[in-house]
Amino acid sequence: DVGRFIGFAGLDIHSLLPDYQSLPEIGWRIDRSVWGRRYASGAAAAIMSFAMDECELNDVVSVCQTSDKVSERIMRKIGLRFEKETSALNSARLIRIYRSRKSIDSNA
């Protein structure tokens with residue numbers, strides 16, 4: 001739409017935090033010049049749908065810095081719930097982990 005590369009979004013295997021290693025992780029990085037155009041939220045929603053419906057995953061995580069309120073809103077919007085705040089292993093930054101457990105949620 002903007003005629004140039006503006007970022008990426010995808011699904012990968014989380015590898016940084018020991019408690020979450022091997023879990024699928026939804027992530028995105030969007031160029032600041034196009035923030036506010038809903039590219040991140042649209043991509044995150046499409047990836048969440050793909051993860052849950054096409055891949056039939058039952059447990060997905062997403063991680064952001066505590067200062068990244070926009071990403072937190074997107075995580076909640078796509079159905080992830082806040083799980084915990086912790087320190088990143090590769091830095092002293094505080095991060096927040098959001099998680100969805102489709103199989104547990106559907107049994108509630």
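Is Asp-59 buried or exposed? Asp-59 is buried, with a relative accessible area of 17%; buried means under 20% and exposed over 50%, with partly exposed in between, using a 1.4 Å probe and protein chains only. This is a predicted model, where local features need pLDDT of at least 70 and side-chain atom pairs count only at pLDDT 80 or more, while totals for chains, interfaces and linings use all residues. Residues are numbered from 1 along each chain as its sequence is written, and side-chain values use heavy atoms, leaving out hydrogens and water.

**Asp-59**
- You can find Asp-59 in strand β3 (strands are DSSP runs of E, at least two residues, and helices are runs of H or I, at least four, numbered from the N terminus).
- The side chains of Asp-59 and Arg-99 are joined by a polar contact of 2.5 Å (a pair of N or O atoms within 3.5 Å, one able to donate a hydrogen and the other to accept it; residues adjacent in sequence count only if both atoms are side-chain atoms).
- Beyond residues up to four places away in sequence, Asp-59 touches Leu-23, Pro-24, Arg-99, Ser-100 and Arg-101 (contact means heavy atoms within 4.5 Å).

**His-14**
- The loop between β1 and β2 holds His-14, which is buried, with a relative accessible area of 4%.
- At 3.0 Å, the side chain of His-14 reaches the backbone nitrogen of Leu-17.
- Leaving aside neighbours within four places in sequence, His-14 has contacts including Tyr-20, Glu-25, Val-61 and Val-63.
- His-14 and Ala-46 are 32 residues apart along the chain, and their C-alpha atoms are separated by 19 Å.
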